[in-house]
Structure formats: C-alpha cells, structure tokens
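This report covers side-chain contacts, taking aromatic pairs and salt bridges in turn. The structure comes first.

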Amino acid sequence: MIGWILLTARPLSGNGQKPSSISDSHRNAALELFRPTAGVFGSLEETHEALRTFDILGIQEKPDISAATCKSVSEALGSSAALKDLFYALRVNDVLKCEIKEEVYESITSRLRTVLNDARSLLDFYYSIGSLLHLKEQSSGVDLSLKDADVIFQSIKALSQSDGRWRYSSNNPESSTYAAGLALEALAGVVSLASSDIDQNMIGTVKNDILKLFDSIEKYDDGALYFEEKVIDAYEHHGPLATTSSVVRGLTAFTAATSGSLNLPGDTIFGLAKFFLGIGIPGDAKDLFNQIDSLARLETNRVSIPLILSLPATVLSLTKEDQLKVRVNTVLGSVAPPLTVKIVRAFLSGSKETSVIEGQELKYYPQTGLHILDAFPKTFDVGNYVFVFEIALHDSEHLDIYATGGQIQVPIYISGVVKIENAEIAVLDSDLGSIETQKKLDLVGESAISLAANHLQKLRLSFQLTTPQGHGFMPHQAFLKLRHESGVEHTFVVKGSGKKFEIILDFLGLVEKFFYLSGRYDIQLTVGDAIMENSFLRAIGHIDLDLPEAPEKAPRPPPQPVDPYTRYGPKAEITHIFRAPEKRPAKELSLIFLGLTFLPFLVFLVGLLRMGVNLKNFPTSTVPATFAFLFHLGIAAVILLYTFFWLKLDLFTTLKALGILGVFLVFVGHRTLSHLASTSAKLKSA
C-alpha cells in the first residue's frame, strides 16, 4: 500500500487523507489519451496539450508528429487563421521548432498589433498578447515591445469585478472565475512585453484582486481547495478542474512577471496542490493536461513550493521487521532540499493521550533518498497508529522558497501474528449449566470435532487472542456460522472482553430461528483483522441437532439459491430407443438385382458392336474436331452430374447445373451436327 501525504499546516484533527503523487501510471495514461491519428492530433490546441504533457512527464518514447504538424503550423502562420489557431500554432512551434521564414513572423506581428489596438474582449487580449510572447521567443529580428503597455493594462483591468473575477467583454455583465485566470495571464504578458515599467499602483491593485478572488475559493472536507465556475451564461462553462487550473496559470504567470510578494497563506497553495493530486489519474486528455500543467506551475511558483511526504508502505509487519520509510519530494517528485524528518509522536488510534514514540528523528540514506526508522521500540505492538511527522529544512534560505507546513498526521497499520490459545467447544445442560460434552480445538491447525445436542441444551465456544506483547486483541471480525445440510445458514457474532472471546447458543431460544430443522449443522469460525496476519476462516466440525417438530404456523426456511452449475451445467445423457429395422431381402438376392441393372448397358454396348459403330465420321479439321470433342465431353459431364445427384446433390442444385450444361451442349452440338450435315451434303453432290 502506498500513501502520499501533502505537508500542510492543517490542525492535528485532520483526517489524514492521502493524495496520490505523479507516477508511471500518469505517463501510461498520457500515451493512451494523447494518441495521434495519421501522424497528427485533432487540433493545434490538442497538439500543444499533448506536447506540454509529454515534456512535463519526461516521456521520451512519444509519437513522431513533427512532419505533419509542422505543415499545419506553417499553414496557420502563413494565412489569416483565427486568432486562437494562430496562438496555438506559435505554442506548438515553441516545441517543434518548425522552419518559418522571418517575413512570416513580421506579418504576424503586424496583424497582432492591429488586433491588440482594436481589442475589446478578454479573449482578443489573451490570444494576441500570448502570441506576441511566443513570437518574442521565436524571432529575434522583430521588435515586439509594447509602447502603450499601460493603456493595454488598464483596458484589461477595466473588465475586472469587485470580487476578483473578470468579464469576457464590456458588453457582458456576467463575471467568470475562469476568465480571471486568462486575464492574469494576459496582464503578466503585458508586463513582460512592456517597453517601460508598469505603474506599480496598478500592479498592486491587481494583487488585491487576486486576494479577493481567493476569498471565494471552495474547500473539500480533506482540505483540498478549488475554484468553481458559478456563472451559467458565461462564454463557456468550465468544471472545477479547468477553472482551478486557469487560476493557477494566471497566478503563477503574474507572480513570475512582477516583483514583490503576494500575501497568500501557505495553506492555500497546499490546498490547491492537494486538489490536483487528489484527482488521481484523469480519464480525459484535457483533464490530464490541466492536472499535469498546474502541478508543474505550482512546482516553480514564486509564492511557495509545496513538498510531499510519501510513505512507500503504510502497512508494516512486526513479524517481518519492516522499517518505517519516508520520502520527501516536490509535487512532481523532484528531489527536496536538505531536511530532517522527525516523528513528533505516535499513538494508537483512539488513545491520543498516550504516546508510544516521541521526538524520534529518522535517519536519512542519500543512496535511496529515504528517511528511515530502522527499528520500532521493543514495546511496540500491533494496532492502528497515528504518526505525527514534522519537517525541518537545514538551510534557512529555503524557508522562503519551500513550504513544509507544520505537523501532519499519517495513519499507519502495524500488523503481526496474534496468538490463539485455549480454544474449546462444549455442549452444556440447559438447566444446570453442567458440561455434557467438551472438546479442545486447534484453530491454528485442522480440527474436525463431532457433537450432538437437543433443543434443551446449549453450545459454548471460547478462545483467547493475544498480541505479540501479551495484550488482549480485538479483531474487526469474529463470526460463528452454522450451516444446515439443506443450505440454510445462521451467523452469530462472537463477542470478547480483554483476551477472552466466548459465545453461548441456547438452542431452546433459537428453534424458531433455526426453522425447527433437525439434522447436521457444519460449524465454521471466522476471525479476521487487517493487522492480524494469521486471520482465518476455518471449518471446525459439525453438530447433530435434535429439534422438536415445527408447529403449523411456524416460519418456513427461505428458498435457497439454485446452484448455477445445476441449472446451466451439462445435462444427463438421453438414451434414444429407435424402431426395430424392417426385414430386408437376402444379400444374394440384392446382388442378383444389382447385376440385372447392368444388363441394359451391356445390351447397349453389344448393339453398338453389331451395328459396326466407328469413328470414321469424326471431324478431322481443328475447329469442328474441337466442337465435337466438347460435345462428347458435355455428355460425359451430364452423366457425371446424374451420378452426383444420386450420391449427394439435391434436385434444385442438379437442375441449375443441368441448365448450364444444356445450353453448352445445344451450342457445341449444333455446331458439330451442322458440320456433319455439310460434309454429308458435299459427298452426295460429288
């Protein structure tokens, strides 16, 4: 089990919810979700998101899209494409470095300046300023500075609202949290492109707007913070992930472009990081990009960089002498600065006042990057513990860069082998309570006891559970099950006090619950817990119960579920009795009849010989001889067809084939007979 704890300054009453960190599963998901078709993605926006995600996650074996994508980039930059397509084409070109001529950049710059001067909507400002920023990185021969940066800054600021949100345009009265993130990015771009410093009073006003925006932040029970778009008629509705991601991009861009500090509480950055980490692995490409991109920006933000305390395992075995291991990294798993991890205290869940560990520093191993508690104290026992960790940075300069939070609670489960002792089962007399029959049980090995009782007696089962340190152990599950031979089951909870667990079944009070069913009952005992390594479910034998006859109005046992194998499994073989065969003639008589059927054929052959049949009139010329040969071949084919009809073919198939052969025979036969008639006529005339 892997648990990840965000180092926040939450109070110790927090529930210790553990977000998951970025892992190889995110890389696999990125390759699965961002999959090009025919060498290209669906749009330049999707291409940018894929390339950005691959770059952050360090994916090397990514699909090769350079050739086809650069063609799309060149087309977008060399034409009057939409401002959004131009913006994303430049973003993609930042990564792919396509070959773009310098005059294309000059043309784009001229167009963007015109759009910027005439801009009235927030999106026009956002795309044009963002495009100019990317041009600044890609072209060194074009002047991209903004001479009227103060005017543009004020034009964007005019769309802001008193609650820190922004409008998409002056004609739209609705304000949007998502738009606030776009506006902050645009303002950061203006500051970066300005030819002279922006008025610090205006920058201070925007910082106040940011603080007002964060006053409306939402909070989950586990401390995760997020923004939610509350506007219904906005330009485009966005969910909490997209909205929060937009604000994070705007916040990090603005703080990176301006000087001075932003008085945001450290818990706020932690809460945002916890929100993105708590999502897990999104199943949508857009959501995955928003998650990864936001975490990357939080890792390099100027407000505070959150650190993650992770435990490779939160279930440790005393039997195997497992070590407590802690790792501290940044949001994306980068190496943390030099620090010390300390266990402030550890206590059993539910016993907060009694600490079993106090003030214990973990030993750091540079080879593995782990902080390890080599061994637990000898008095340590199995149980559900809460460990309180604290982190101290070695370098005082890092206090203004990294945020480690205060004390953080981590639930850790210590497992071990629980001793099972003094197990016995007995049949008691109902009146006197004296033992009628008593047998020892081996709950570690195999038991096969056999008991008998009637409705005037009781069944008692008892055993003891002891931890490795000799304390009583209370498992999460302790059940006794009796199963009648008809399939009816009855389950009872085995209650315990201290080390001893005992259950007494009074059959006189249970006859109605048992539906007055006498006969054999199999006995099964279940004892289990997450920290009990030797949990078991074991059949311990059977008991033959003699219960009274059921009254007329007594409840009947419920119908038992039908075994699917019985219903859908193979059925019993059916033996068929056929009618006795009719009497047949003797074998010799059948052979004599077969010989008689060949007599007409023999008579035919003798007749041919007697008539002096010969092949003297068979055509000698090539063409007539060919038709004569095909004619005889066709006759043979008809005879063969009749043979197949007798053996296997049906009537309709035979008639179809015979029709085709008949047409063929008419044609070749007519040609053959015409030749013979012509030859005969020539001989007569001669």
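A residue counts as buried under 20% relative accessible area, as exposed over 50% and as partly exposed in between (1.4 Å probe, protein chains only). The model is predicted, so local features need pLDDT of at least 70 and side-chain atom pairs count only at pLDDT 80 or more, while totals for chains, interfaces and linings use all residues. Residues are numbered from 1 along each chain as its sequence is written, and side-chain values use heavy atoms, with hydrogens and water left out.

**Salt bridges**

A salt bridge is a side-chain nitrogen of Lys or Arg within 4 Å of a carboxyl oxygen of Asp or Glu. The search of the whole structure finds 16 of these salt bridges. Three of them are listed here.

| Arginine 27 | Aspartate 24 | 3.0 Å |

Arginine 460 belongs to strand S19 (residues 457-466) and glutamate 424 to strand S16 (residues 419-429), so their bridge ties together parts that are 36 residues apart in sequence. Helices (H or I, at least four residues) and strands (E, at least two) are DSSP runs, numbered from the N terminus. Arginine 460 is buried at 17% relative accessible area, and glutamate 424 is buried at 15%.

Arginine 27 and aspartate 24 are three residues apart in helix H1 (residues 24-33), a separation of about one helical turn. Arginine 27 is partly exposed at 28%, whereas aspartate 24 is exposed at 53%.

Glu45, Glu49, Lys84 and Lys286 are linked in a network of salt bridges.

**Aromatic pairs**

Rings of Phe, Tyr and Trp (its six-membered ring) pair if their centres lie within 6.5 Å; planes under 30 degrees apart are stacked, over 60 edge-to-face and the rest tilted. The whole structure holds 20 aromatic pairs. Phenylalanine 380 and tyrosine 385 are stacked, because their ring centres are 4.5 Å apart and their planes are at 15°. Phenylalanine 380 is buried at 4% relative accessibility, as is tyrosine 385 at 3%.

The pair of phenylalanine 627 and phenylalanine 667 is edge-to-face, because the centres are 5.9 Å apart and the planes are at 70°. Phenylalanine 627 lies in helix H17 (residues 622-647) and phenylalanine 667 in helix H18 (residues 651-685), so this pair ties together parts that are 40 residues apart in sequence. Phenylalanine 627 is buried at 16%, but phenylalanine 667 is partly exposed at 49%.

Phe376, Phe380, Tyr385, Phe387 and Phe389 form one aromatic cluster.
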